[in-house]
Amino acid sequence: MSPWLTVVGIGEDGFKGLGRNARHALLGASRIVGGQRQLDLLPACIRGERQLWPSPFSLEPVLSQRGTPVCVLASGDPMLFGVGASLARQLPAEELQVLPFPSSYSLAAARLGWALQEVVTLSVVARPIAALNAQLFSGVRLLVLSNDRHSPAAIAGLLRERGFGPSRITVLEHLGGPLERRLDSTANQWSDPSIADLNLLAIECRAAADTPQLSRLAGLPDSAFRHDGQLTKRDVRAITLARLAPVPGELLWDVGAGSGSIGIEWMRAHPSCRALAIEADDGRQQLIEHNRDVLGVPGLQLIRGSAPQALAGLERPDAVFIGGGVTREGVLQTCWEQLKPGGRLVANAVTLQSEMTLMHWRDQYGGELTRIHIAQAQPLGEFDTWRQALPITLLELHKPRDLP
C-alpha cells in the first residue's frame, strides 16, 4: 500500500521554506489537519479542506480518513516530541510518510554553535518542569522546549531553588522566522521579560559553590530524601538496586515504598525506566510526591493502598522490590504471580519473622539469600568504634521464562 498520509514538518518561514516533496503533498491533499498556527502559514493556493485538531486532542480526524490523501502539519520535526510519532504508533510504516523540517533543537544548536549530540534535549510541553532536576549537573547543556511564555520564568526559578542560579539561560523565540529573537541572562538575574509562547530555552548549567551534585548511580545520600525513618539506607539501597538491575524501558513495583527511594533511583537510572510506588501511609505518600519531584522523576506513579489488595489491575512488572510487608498474607505470592517471566524479585527483611518468611520462600522457589552487615565508625569517648546497623536479609529471585 502506498502512503495515503503525509506528515509535513513546517517552520516559522512557512510554505516557502518547504522542500518540493512537502509542497507537492500539500497541493495534492484533500484534507489538511493541523493547529491554527500551522494552518495559517499555508497560502491560498493550497485547496485542500483545512481542519483543526479537536479539543481534547484526538487522532480520530486523521485515522477516519484512511485511504484518502491527507496531510498533517506539525512544527519542525514531527518525530521529535511530535504528532508524527503518535501516528506512527497507530499506522503501519507503509501507509505513512514523514517529511521533517529542522527541529527547534537543530536550529537552536546552529544558532549557539553547540554540538547537538553533546546536548540533553527535553520538553516541558504539557509536562512537569520537575523532570529537569534529574539533569542538573555543572557543565551540562540543556535544550528545553517551552510550554508557553511562562516556562522561562518557571525554569529560572527552579534553577535558583536547586542551587543552579549562576546557570546561563538563552531564550530563543520564533526560531527560523522573521520574528526570531534571542534573550540572554542567568537564572539569578532573570527579570521575567515579555516572552512569546513559541520559545526554546538553552541552559548552560552552573552550580553555585555550595551546591551538592547528585550522581546518577544508585546510592544517593540519605539526606537527598525527605523521610520519617522508613528509608532503605544508602549502602543497602545501592546493593538492592544492583540486584534489581534496572534496564531501559522496564517497569518496577516498589511495594511498601516508604519514602520512595528505591523507585526513584530505579527511574533515575534511565529516562525510560518506570516505577509504581505502592504505599498505604498518608504521610509517606506525601514524602514520595516530594522526593520524586525534587529528584527529577515526576513520572513515578503513586499507588495509594496496601498490598496485596492495591496490586490488583496494575500493569505487570519486570522487577519487584518488597521493602515492607513480606509477612503480610498474599504479598509475596501476588508479586511472584504478577512478575513477568524472566523478571527479578528482591525482598529485604529486618525482623526474624520476615527473615523466616524469605527463608521459607527460598525453600519453595529457589533464589539467593544474602545477609548484609553495615557498620559505621562513630565516636566513643575520645576514640572511635564501629556501630553496627541492623542486619538486612536480602532475597533475590529470578522468575523462569517458561512460567506464565
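In which sense, parallel or antiparallel, do S2 and strand S3 (residues 49-52) pair? In this predicted model, the two strands pair in the parallel sense, over four bridges. Within S3, Leu 52 is the bridge partner of Gly 34. Strand S2 (residues 31-34) also pairs with strand S4 (residues 70-75), again in the parallel sense, over three bridges. Here Val 72 of S4 stands opposite Val 33. The residues of S2 point two ways: Arg 31 and Val 33 to one side, Ile 32 and Gly 34 to the other, and all are buried.

Four aromatic pairs were found in a search of the whole structure. One of them joins Phe 81 and Tyr 105, and this pair is edge-to-face because the ring planes stand at 70°, with the centres 6.3 Å apart. Phe 81 belongs to the loop between S4 and helix H4 (83-88), whereas Tyr 105 belongs to helix H5 (residues 104-112), so the pair ties together parts 24 residues apart in sequence. Phe 81 is partly exposed, at 43% relative accessibility, while Tyr 105 is buried, at 2%.

Trp 336 and Tyr 365 form a tilted aromatic pair, with 5.7 Å from centre to centre and 55° between the planes. Trp 336 lies in helix H10 (residues 331-338) and Tyr 365 in helix H11 (residues 352-365), so this pair ties together parts that are 29 residues apart in sequence. Trp 336 is buried, with a relative accessible area of 5%; Tyr 365, at 33% relative accessibility, is partly exposed.

Note on methods: Residues are numbered from 1 along each chain as its sequence is written. This is a predicted model: local features need pLDDT of at least 70, side-chain atom pairs count only at pLDDT 80 or more; totals for chains, interfaces and linings use all residues. Side-chain values use heavy atoms; hydrogens and water are left out. Buried means under 20% relative accessible area, exposed over 50%, partly exposed in between (1.4 Å probe, protein chains only). Two strands pair if DSSP finds at least two bridges between them. Rings of Phe, Tyr and Trp (its six-membered ring) pair if their centres lie within 6.5 Å; planes under 30 degrees apart count as stacked, over 60 as edge-to-face and the rest as tilted.
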